Structure formats: structure tokens, C-alpha cells
Amino acid sequence: MTGRLAAVPEPGVRVRAPAKVNLALRVGSVRPDGFHPLATVFQALDMFEEVTARPAPPGAGISLTVTGSQAERVPTDRTNLAWRAAAALARRVGVDPDVRLRIVKGVPVAGGMAGGSADAAAALVACDALWETALSRAELLDLAADLGSDVPFPLVGHTAIGTGRGHILTPAMVRGQFHWALAVSHTGLSTPDVFREFDAAAGGERGAEGERGAGGERGAGGSGAGPTEASTDALHVDPGLMKALRAGDAGALGRALRNDLEPAALALRPELGRTLALAREAGALGAIVSGSGPTVAALARSARHARAIAAHWTAADACDAAYCAAGPAPGARVVG
Ligand code: C5P
């Protein structure tokens, strides 16, 4: 009998984890540990990072390769969040961290869409399966929270309220799908820089308030920089936003989008103001800087409308790349 032997697949575990947008991001005053209390609503999008974990010979340690969009901007050493995730999991369960990790980027780098956090979440799930650790979901979530405030969410996916540093998650009820257009800049924004800018504006505003006295007006609404009511105890997500999600009402969701970090991101990158304006001009139901930016997320009426908003940005040369995505999407899971 003639014929060719089928190629033996290399053993390994391939995991996909989603990007996110923050539908609401309320930020309180900086805590003594340097973090800010948050009340946020994450939505996972069908834009994925893919991490494959393959066994490595004993003593080889961790190695990492990165391919895909803007891969050259991602570190491939122990500073990479996926590397740190594999190392943390190995320490936690007492195995030797011998693994070859491969990341395929599908989420913008340093774009405020938690691509690096998705890598960490995917690496946790992939190594967990490869090493058969039998850790519970709660234990994986704890490890994820230690790696970064945004790492637990891509493990869970869908739509969830985040409190604490953003790492304590409660699932949200959502009907239907929402369609997004995303304007991506290839020059990222550093999350700590945006929080620092937020603090500077908050300090300035507090100073001005002091001068105005107790009766001074507070910044109102979503676009005022500095302390809003969110910097007091009243950090909460607009009930109207949660209602819009439950009803699958994209129009009401668009009106309720809110990001307290947006003024800080705009102060660092004023050109994002035009990107937001162009989205509204193209009929977006709402437009917002995603997380700490610089990605701008515009909520559309349909997948087709999302493509029209993306085309409007591209025609106006308003971003380095425009994408369309839908949410909610599932959390990190083994594929293939
Ligand atoms: O937790 P993570 O490492 O992702 O946070 C990155 C940085 O973002 C922190 O070092 C901090 O400067 C800022 N941050 C914050 N408050 C949060 C989350 C992040 O100030 N709730």
C-alpha cells in the first residue's frame, strides 16, 4: 500500500481570549497603594488573542514568540504578561515552568482593549491544561488578579461589572449583540500615564474647588475632567446602562456610555477628539475612548453601520487602523 503518513500534530494547547471595551468606567480618587477604585462594565468583543502552550524539554524554562498585528511592539522576555502568567502558575502549583508559548496578536497593542491581559488569561488557561493542574476557576481568577487588574475579565468574558481595582467581577445580564467600530492608533498610551493625568486634573479641580468654597460647582457629566461624584463614595454604574444591556437597547446603551478616564486620554492625545466627533458624524449611537485609550469605540446600529463608521474614519485618515467587532464574546477557552 502506498500513501503518505499524516503529519503528527505537535502536542500543545491553543487558547483564545477576547479584547474588551469598557461601557462605563467610573474612577475614584487614588488609594494609598497607588491604585484607583473603579466601577466599570466590561464587554468582551469577538477580537481575539491566541496563545499556544507546547511542552519544552526539562530545564528549558519559558520561551515566547509573538506574531500577528504589531507583534514587533510586544516584549518576548519575562516582562511579557503571558510569560509572567506561566511563571506564576508554575510557582503556584509547584511544576517546573518548561513551556514554549506562542502568541498570535489580534488585539491592538497598548490600545486600552486589554490585549496583554488577554494574553495572560489565555496563557493561564493553556498552561493549566498543559500541566493538568486541576486548579479551580476561583484559584485561576485569583492568580489573574495578581497579574493585573484587567486580567480576570478575559478569563470570564461576556459582559461583567468590575469593582475594586476592576478585578472583582459580577456577570451582567445582556440581551442580543452590540456592534462596534474601533479606531486604533499605533502609538499606544500608557495606562499609568493616563491615571497620572487623571490625578493631576483631579488635584487641580480639588484646589479650584477649595478656592471656590463649599458651594462651588462640580464638574458635571461624563466629559468633565477631574473629580466627579465618582471620586467620593458614590462610585456606581448608571442603572440606565444596565437596563439598556438587559433590554438589548443599543440606542439607550449609546447614550449611557461613560468613561471618567476620557478627559485624561484626550489631554494626552487631543486628536482623539476628532475621532470621537467623526464617529458621531457617521451616526454612531455613542462614542467613547476605550479604557485608558487611545482606541476609540463607537457603538453602531448594525454590523453594516459599524463598517460605515470605520470607513468614515479611514476616509478622514483619523486612525492607523479601523476594525469592526461584536460583543459580548466568550472568555478564554481552548480551541482546535
Ligand atoms: O493592574 P495593572 O498592572 O493592569 O495596572 C497598571 C497600572 O494602571 C497600575 O500600575 C496603576 O498605575 C494603574 N491603575 C490604577 N488603578 C486601577 C488599575 C490600574 O491606578 N484600578
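Colleague: With which side chain does the side chain of Lys105 make a polar contact at 3.2 Å?

Modeller: A polar contact is a pair of N or O atoms within 3.5 Å; within protein, one must be able to donate a hydrogen and the other to accept it, and residues adjacent in sequence count only if both atoms are side-chain atoms. Here the partner of Lys105 is the side chain of Asp119, at 3.2 Å. The side chain of Lys105 also has a polar contact of 2.6 Å with that of Glu49.

Colleague: What should I know about the model and its numbering?

Modeller: The model is predicted: local features need pLDDT of at least 70 and side-chain atom pairs count only at pLDDT 80 or more, while totals for chains, interfaces and linings use all residues. Residues are numbered from 1 along each chain as its sequence is written, and side-chain values use heavy atoms, with hydrogens and water left out.

Colleague: Is Lys105 buried or exposed?

Modeller: Buried means under 20% relative accessible area, exposed over 50%, and partly exposed in between (1.4 Å probe, protein chains only). Lys105 has 7% relative accessibility, so it counts as buried. Lys105 lies in strand E4, residues 99–105. Helices (H or I, at least four residues) and strands (E, at least two) are DSSP runs, numbered from the N terminus. A contact means heavy atoms within 4.5 Å; leaving aside residues up to four places away in sequence, Lys105 touches residues including Phe48, Val66, Val74 and Gly116.

Colleague: Which residues of helix H6 are buried?

Modeller: In H6, residues 239–247, they are Leu241, Met242, Ala244 and Leu245. Seen down the helix axis, these buried residues fall within an arc of 160 degrees, so they line one face of H6. The arc is that of the directions from the helix axis to the C-beta atoms. The face turned away from the buried side carries the exposed residues Pro239 and Lys243.

Colleague: What do the buried residues of H6 pack against?

Modeller: They pack against strands E1 (13–27), E2 (38–55), E5 (159–163) and E7 (178–184), and against helix H7 (250–256). At the start of H6, a side-chain oxygen of Asp238 comes to within 2.8 Å of the backbone nitrogen of Gly240. Just after H6, Gly248 has a positive phi of about 65 degrees.

Colleague: How many aromatic pairs are counted?

Modeller: Rings of Phe, Tyr and Trp (its six-membered ring) pair if their centres lie within 6.5 Å; planes under 30 degrees apart count as stacked, over 60 as edge-to-face and the rest as tilted. The count is 1 aromatic pair. The ring centres of Phe42 and Phe153 are 4.7 Å apart and their planes are at 15 degrees, so this pair is stacked. Phe42 is in strand E2 and Phe153 in helix H4 (residues 152–156), so the pair ties together parts 111 residues apart in sequence. Both Phe42 and Phe153 are buried.

Colleague: Which residues surround the ligand?

Modeller: A residue is near a molecule if one of its heavy atoms lies within 4 Å of it. The surrounding residues include Phe35, Leu38, Ser149, Thr191 and Phe195. A polar side-chain atom of His36 is 2.7 Å from an oxygen atom of the ligand, and a backbone N or O atom of Arg165 is 3.1 Å from a ligand nitrogen atom. Taken alone, the ligand exposes 450 Å², and the protein buries 72% of that. Such areas come from the Shrake-Rupley method with a 1.4 Å probe; for residues, only the protein chains shown count as cover.
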